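This briefing is meant for a reader who is meeting the structure for the first time. It begins with the ligand and its surroundings and then turns to one strand and its neighbours.

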Amino acid sequence: MSVLVIAEHDNAQLKAVTLNACAAAKAINDDVHLLVIGTNCGPVVEAASKIAGIQKVLLAEASYYEHQLAEELAPLIASLADQYTHVLAAATSNGKNVLPRAAALHDCQLISEIIKIVDEQTFCRPIYAGNVIATVKSLDSVKFLSIRPTAFDALAADGGSAVVESIGALDALSLSVFDSQTLAKSDRPDLSAADIVVSGGRGLQSSENFELLYTLADKLQAAVGASRAAVDAGFVANDLQVGQTGKVVAPELYIAIGISGAIQHLAGMKESKVIVAINKDEDAPIFQVSDYGLVADLFDVLPELSEKLS
Amino acid sequence: MKILVPVKRVVDYNVKVRPSSDGSNVDLTNVKMSINPFCEIAVEEAVRIKEAGNADEIIVLSIGPSKAQEQLRSSMALGADRAVLIETEEALEPLAVAKCIKAIVDKEQVDLIILGKQSIDGDNNQTGQMLAALCGYAQATFASELAVGEGSVRVTREIDGGLETLELKLPAVVTTDLRLNEPRYAALPNIMKAKKKPLEIIALAELGVDTAARTQLLSVAAPEERKAGVKVASVDELLDKLKNEAKVIS
Ligand SMILES: Cc1cc2nc3c(=O)[nH]c(=O)nc-3n(C[C@H](O)[C@H](O)[C@H](O)COP(=O)(O)OP(=O)(O)OC[C@H]3O[C@@H](n4cnc5c(N)ncnc54)[C@H](O)[C@@H]3O)c2cc1C
Ligand SMILES: Cc1cc2nc3c(=O)[nH]c(=O)nc-3n(C[C@H](O)[C@H](O)[C@H](O)COP(=O)(O)OP(=O)(O)OC[C@H]3O[C@@H](n4cnc5c(N)ncnc54)[C@H](O)[C@@H]3O)c2cc1C
């Protein structure tokens, strides 16, 4: 039997995290199918079929699949689950929304945010804000897993030629109705996929001061992140929050500026390859996980860094 | 409208949890326990809905040890009307917890269930979605805004890249994100009043729900610790290290 991966997309584009989820699936079994549920999602299907090493792409289209509503997607996923040993999705806000619902419909206990596959039924996942790694064995007939994208190297986006098979949609349940969406527009790289992330905390003091950080980020072609304190204070948008209850990132370089280093923040960035901290308090806990620490006032350092990178 | 808020007793968010010496589980002896912060936000939201005249009764529910009565009492001090404890010493998985909550939903005929999006111990982020599946209800996870309408609720959700607004038919399940509200502090008179509010205790076995474990915890371990690196003295030294030692910028 094969492994099923749920594709993450917005009908126009296949999201890169899908390649990480497929990589986790390949580590379980070579035979991987990708399920695309959406509306007029031709470009997504095309990209999906090109992923290296995917055997089959399943496509279910209906107008009510457009907004990836959990109520509509979950029954379809659950109805296919018996044909597979494992059902996987990336632990994005979408994956976290849909997969538990599908697992419960199939009377299975999902294992969330796995970071390692030990064997077909045994997985590692962080708990307690990443202070502890639990090794968990699943006893369910079908194993539902959400995977932390940063823990698995992506499959190549090209080189495959999977067959595409259309499957029927299920009837709409119409329990909820999509009203509207506001997506932040940004020319910067995506936070979860960027090589360099520059994050700011309460130390920045205002949204105007974040401009200093944006200048640096643009010099480095970096994504921008933030601590919860900076988000709660309204300096930046909520989807920039890095941490236990925000996004988990693991870039090549993470620069924390005016962030103290609470465990909830560390949970979202301590797997980064190189960590730099800039903080005026030499005892700030962030220095305990930093490769390079600079004890200084960020309002002096930020302009100097940006200038010297020009 | 009747609102149900499941609340969980968890290790306080300030505690740094460690594995036990034999690595079989986490060491929770003598650590401070609190109400899960996301559950507290859920209670606060329910109280605000009631204060606005849109709900008649708020029931809080916990599935856990006898001591979870503390968290139920503090939820009632925030404004919940009564509490139910499903008592068990076992650490139940989200699917089992969702089945227990459903038993109470069916019994109490509630219109809206507000849960935390995740608990800060298990970090599962599953229970609300599973409950919605088992009940066949609409769901809105990661809520940052909630407005009660006629037979429906309108919820703004935090999603990757921004915000999304959904309209849910009642009954429905909503899970809270951090920015939904800022919970109040319980005033002393309310803490006293909460001691007299009804708290029903039901033994897990009485519910007749299948809570058999579907997973087995094999071991727990501390993650690989990062070593603290070096302090640099200037921006120039920092840039030099990043270029020539770490080679992460060019
Ligand atoms: C349930 C729960 C979930 C949470 N989830 C998250 C999460 O996902 N992500 C997250 O980040 N947090 C989370 N938190 C919050 C977390 O506990 C901290 O409160 C938060 O991370 C602190 O943000 P901060 O470091 O920006 O602010 P602070 O802790 O206030 O630190 C500000 C830092 O800036 C420094 N500073 C100030 N001025 C300057 C200057 N001029 N130059 C240089 N340095 C300066 C200070 O020395 C200080 O170290 C959560 C908390 C709870 C309870
Ligand atoms: C170290 C460790 C070891 C564990 N070992 C085992 C084990 O051996 N076997 C096992 O079966 N499970 C085990 N667990 C699972 C543990 O009991 C989880 O807490 C449980 O699976 C529920 O998941 P969650 O609270 O993370 O759910 P989430 O889905 O993150 O919770 C979201 C929301 O659901 C509601 N909720 C969740 N639980 C309750 C509750 N009990 N009462 C009321 N409302 C609730 C709350 O509103 C909460 O905010 C272990 C957990 C840890 C941390």
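In this predicted model, ligand 1 lies between chains A and B. The elements of chain A that each give two or more residues to the shell around ligand 1 are α6 (228-232), α7 (263-266) and α8 (298-308).

**The surroundings of ligand 1**

- The shell around ligand 1 is made up of 30 residues, and the closest of them are A:Gly201, A:Gly203, A:Arg228, A:Ala229 and A:Gly243.
- Among the elements, α6(A) gives the most to this shell, with 3 residues.
- Sorted by class, the shell around ligand 1 holds 14 polar, 11 nonpolar and 5 charged residues.

**Strand β2 of chain A**

- Strand β2(A), which spans residues 32-38, is mostly covered, since 7 of its 7 residues are buried.
- From β2(A), the residues A:Val32, A:Leu34, A:Val36 and A:Gly38 point one way, while A:His33, A:Leu35 and A:Ile37 point the other way, and all are buried.

**The partners of β2(A)**

- With strand β1 (residues 2-6) of chain A, β2(A) pairs in the parallel sense over 4 bridges, and A:His33 in β2(A) is the bridge partner of A:Leu4.
- Between β1(A) and β2(A) the chain passes through helix α1 (residues 17-28) of chain A, in a β-α-β crossover that is right-handed.
- With strand β3 (residues 56-61) of chain A, β2(A) also pairs in the parallel sense, over 6 bridges, and there A:Ile37 stands opposite A:Ala60 in β3(A).
- A right-handed β-α-β unit is made by β2(A), helix α2 (residues 42-50) of chain A and β3(A).

How values were computed
Residues numbered from 1 in each chain as written. Chains lettered and ligands numbered in written order. Predicted model: local features only at pLDDT ≥ 70, side-chain atom pairs only at ≥ 80, totals over all residues. Near = placed C-beta within 6 Å. Nonpolar A, V, L, I, M, F, W, Y, C, P; charged D, E, K, R; others polar. Buried ≥ 20, exposed ≤ 12 C-beta atoms within 10 Å, placed from the backbone. Pairing = 2+ DSSP bridges. Right-handed = clockwise from strand over helix to strand, strands pointing away.
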